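Please read these points with the model open beside you.

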Amino acid sequence: MSRPNSQDRNLRERADKVIPGGMFGHQSTRLLPDDYPQFFSRAKGARLWDADGNELLDFMCAYGPNLMGYADDAIDNAYVTRMRQGDTMTGPTGLIVDLAEQMTALVTHADWAIFCKNGGDATQIALMIARAHTGRNTVILARGAYHGAAPWCATRPVGVTPGEKANQVFCDYNDIASLEAAAAQAGDDLAAIFAAPMKHDTFTDQALPDPAYARRARDLCDAAGALLVVDDVRAGLRIARDCSWSTVGVQPDLSSWGKCFANGHPISALLGSEVARRAAGRIFTTGSFWYQAAPMAAALETLRRVRETDYLEHIEGLGERLRRGLAERAAAAGLGLRQTGPVTMPLFLFEDDPDLRQGFFWSSEMLRRGVYVHPWHNMFLCAAMTTGDIDQALDAAEGSFKALRGQLGSLGPVEKLSFLTA
Ligand code: PMP
């Protein structure tokens, strides 16, 4: 728990009274080590300052949105300039057309775009379009994959009716036989296969997509006349300057985007190919803030950087340096560290650590050394990071591995994660 009389502690005490559970959703620190700050005051580049003014090199990047660096001058200037000229208005500006043109030019499969606010809006629209296009109900999802917090895909059953979860069949990611079995179960009611671009579930090793699995998903959709959806909300633009499954040579019919394409400004998108255009025009979908011009101005500047700079190669290089350096330092400390997923979106789990007691201890040690890592969710690199930042993280990791090595025998269970080993 944060220090007594700290800003963080004071804010938590006030929040407990006026915010359910003290904080809701993915930004609650309920399942993080006790010393993790709940509240922050500012961010610039690759760094965050918590509510007590502690500076942290941030490997969470706001859970993805920070792609080019927090408070990026050019992107934020585009946002602020547009905001001052009119943002939420009675109709959209021409920027919505510019942005749709830019995104469909960038993403190979895409011929049209619908803009919304959160990733969950985009996945919800994808589901509706698939059902409108096919006149069928059933969707195939991979067990453990996250597609948002709406009732149909909520990860907790509380407040959700069985009806809202109906017409779903599950497979295991990268397991072709289970995908085929799911398609057989859906039979002639298959509307869509929803695919994560990679396995990026929490608490477990990540996995890149097996090209054969991705191809099989495409073939099964084609055979059934169903739509293939790739949910690129989290991984978009950190694996490719295109839909992430372009790296395995598979084009979906729909792809959902969010988080980072306006570098943290609120906008998401559902992109679709020609085949789904008619259904996309028939569903009713909208929101009071979906047409805001300022996030679109920020998105256009972010996409310019995506096209014209080596941001992706830069974060890949940094990610490789981090992965190599951590592997060397963990091995030198005699610790087994599993680093999975693309280097731009790493996840670290320790060997023989089913209840994450090692991961929790190590993450707290990193925090004490000014580096914010996550013990069970994939992390993100941003283009504002430098080799100096990676070396700072590696220095912190070296000290943290040594501290962990010294305490290995005496670590107690992490009670808040007891569900992992129950
Ligand atoms: N899909 C994926 C793969 C995600 O990671 C997320 C958010 N973490 C969502 C959908 C939902 O996005 P949002 O929280 O912006 O609604």
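1. The lining of the largest pocket consists of 21 nonpolar, 21 polar and seven charged residues. Here Ala, Val, Leu, Ile, Met, Phe, Trp, Tyr, Cys and Pro count as nonpolar, Asp, Glu, Lys and Arg as charged, and the others, Gly among them, as polar. This is a predicted model, in which local features need pLDDT of at least 70 and side-chain atom pairs count only at pLDDT 80 or more, while totals for chains, interfaces and linings use all residues. Residues are numbered from 1 along each chain as its sequence is written, and side-chain values use heavy atoms, with hydrogens and water left out.

2. The largest pocket holds about 1,600 Å³ of space. Among its 49 lining residues, Gly25, His26, Tyr146, Ala149 and Thr155 are the closest to its centre. Helix 4 (residues 119-134) contributes the most to this lining, with three residues. On a 1 Å grid over the protein atoms alone, a pocket is an open set of points with protein on both sides within 12 Å along at least five of seven lines, a cavity is a set where a 1.4 Å probe fits but cannot get out, and lining residues have an atom within 4 Å of a point.

3. Where does the ligand sit? The ligand sits in the largest pocket, meaning that more than half of its atoms lie within 2 Å of the pocket's grid points. Around the ligand are Asn118, Gly119, Gly120, Tyr146, His147, Gly148, His200, Asp231, Val233, Arg234 and Lys259. By class, this shell has two nonpolar, six polar and three charged residues.

4. One oxygen atom of the ligand is 2.8 Å from a polar backbone atom of Gly119. An N or O atom in the side chain of Arg234 is 2.8 Å from an oxygen atom of the ligand. For Lys259, a side-chain N or O atom lies 3.3 Å from a nitrogen atom of the ligand.

5. The structure holds one cavity of 30 Å³ or more. The largest cavity has a volume of about 50 Å³. Its lining has eight nonpolar, no polar and no charged residues, including Phe59, Leu322 and Met366.

Note on methods
Near = heavy atom within 4 Å. Polar contact = N/O pair within 3.5 Å; in protein donor to acceptor, adjacent residues only side chain to side chain. Points joined across faces, edges and corners; volume = space filled by probe spheres on them. Helix = DSSP H or I, 4+ residues; strand = E, 2+ residues; numbered from the N terminus.
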